[in-house]
Amino acid sequence: MRRRVQVVVVDPVACDGHGVCAELLPEMISLDPWGYPIVSPEPVPFGLDREANRAVASCPRLALHLLDAPDGVQAAAPPPRTASRS
Amino acid sequence: MSPLLPRLLRGLGADGASIGLPAHLDLWGPLPDTRRGGLVDDVADAGLRGHGGAWFPAATKWRAVAGAGGRPVVVANGAEGEPASAKDALLLERLPHLVLDGAVAAARALRAEHVIVFAPARRRPRLIEAIEARRRSAADGVSIELAVAPDRFVAGQETAVVSYLNGRSGLPTFARFHPVWRSGVGGAPTLLHNAETLAHVALIARFGSEWYRQAGRPDAPGTVLLTVTGVDGAPSVVETQKGALLGAVVGGIDRQRCRAVLLGGYGGTWVDPDTASRLPVTEEAARAVGATFGAGIVAMLPHDRCPLAETARIARYLDQEKADQCGPCVRGLSGMVAELDGLAFGARRAGDAARRLGQLCDLVEGRGACRHPDGAARLVRSALRIFADEVLQHQQRGPCPESRAPGWLPTGDEAPRHVRSGNGAIRPGATGALTSRSRK
């Protein structure tokens, strides 16, 4: 089965800036100076689906969502996880 | 039917009166039956774009609504929360049947049964009169309701309108999750158009797309209403063919009297007078110089005013009018106001204000449910770009003498302004604060 290519989207109305998402998915989400998430517009890379799903499920405000990417969008290989945590 | 100007404004009488249904039908003829379809194609062939500010192709919206399944609702949006805009007020006050025709034609074409007119309380008497007249004539075959729009800047944003009509907050929602074309008023697919867009539809329904395209340019067909505020502060509504040079349309922009031109409203951009003079009135031309016509707003800042002070006042207004929903907008806009106040009016922290303002723009852009923060950032960025000399002077020497002058564009506290068009005048300003929704 072909893997679903998805993007991470934050609903800014629902988001209160808890920051859990940036803890769980630092490869795609950083926090601005006020603590609100800045989410990469790129599709979720191969190998990070589980982390992305966990981030979505862990948001205390249920503000984080996974949406199907538009047709033709390809997922990239993930960055090395240890490196990006530094 | 001649393509020459005026088009939409042809029905304006010299006496300033609102045109009634019989006179409207005498002028334009009966509204053709658009139930059989084809109007969507005409709207597409005409190249009609939304005149509420986004310039989105109208037919794309229509097709999305038509394909969404279920019986759609049509909303005529006359909320016009933008203080520097008066074109929708003019249409709804003086030419209400043109807007209603467009909404009815769209409803028939999309097999909708309900039209909702969304407009501020002060538009209510005229609209009730117009809707009653149509009800008596029983020619429309669709019901028309009036809903009173709250008096606030973001009230007319598409998702905010739908939220309000559904009995909720009336604030914007995250459009990506809530596209109104799929699920809008009462959950129905909703076609929401600005009042002027529907007025154009009324004429396309009668005369077709080829006629529509006789005005303007092949790449920017048709006409557009602009609300022009001159250096004297008096706004007037003018209709022009797209592609005409802005300087000619507004009767000349005099560098000696005008310091800068605000295009596109409070979430728009400052443009220097020479660039503005030479600018063809098309959204593409505006975007090519980093600007937008938005909802058709052109405002000329007098030479004896401080552009940074004016930008600070407008930013304060945008900050006050934000929906207070999305973190980056809440924090970012108040940060911008603090920086701009410091830069424009006080020595406090002004030294590095331009750099910090640029960072704040980066931080808010694209991060709200609606485009309110993007508009604020666009305004601030254009000020930093166009008024770079003034920024330096303020940073080095403190506020200029002109910054003590009173505010120029309306930012909330002023008395109502007269809006001129043709020989008539209307009063759009007085805020009849009816906050509850009123249906008839």
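Which side chain does the side chain of His24(B) make a polar contact with? It's Asp101(B), at 2.6 Å, where a polar contact is a pair of N or O atoms within 3.5 Å, one able to donate a hydrogen and the other to accept it within protein, and residues adjacent in sequence count only if both atoms are side-chain atoms.

Quick housekeeping. This is a predicted model, so local features need pLDDT of at least 70 and side-chain atom pairs pLDDT 80 or more, while totals for chains, interfaces and linings use all residues. Residues are numbered from 1 along each chain as its sequence is written, chains are lettered from A and ligands numbered from 1 in the order in which they are written, and side-chain values use heavy atoms, with hydrogens and water left out.

Back to His24(B). Its relative accessibility is 2%, so it counts as buried (under 20% relative accessible area, 1.4 Å probe, protein chains only). Beyond four places in sequence, its contacts (heavy atoms within 4.5 Å) include Gly29(B) and Arg206(B). Gly29(B) is buried too, at 17%, and touches His24(B) and Arg206(B).

Now the interface. 15 residues of chain B meet 14 of chain A. The buried area, meaning accessible area (1.4 Å probe) that two parts lose on being put together, summed over both, is about 1300 Å², with 72% from carbon and sulfur atoms. On the chain B side, Phe177(B), Arg331(B) and Arg367(B) lose the most, together 42% of what that side buries.

And there's one salt bridge: Asp32(A) with Arg367(B), closest N and O atoms 2.8 Å apart. The cut-off there is a side-chain nitrogen of Lys or Arg within 4 Å of a carboxyl oxygen of Asp or Glu.

Methods. Buried means under 20% relative accessible area, exposed over 50%, partly exposed in between (1.4 Å probe, protein chains only).
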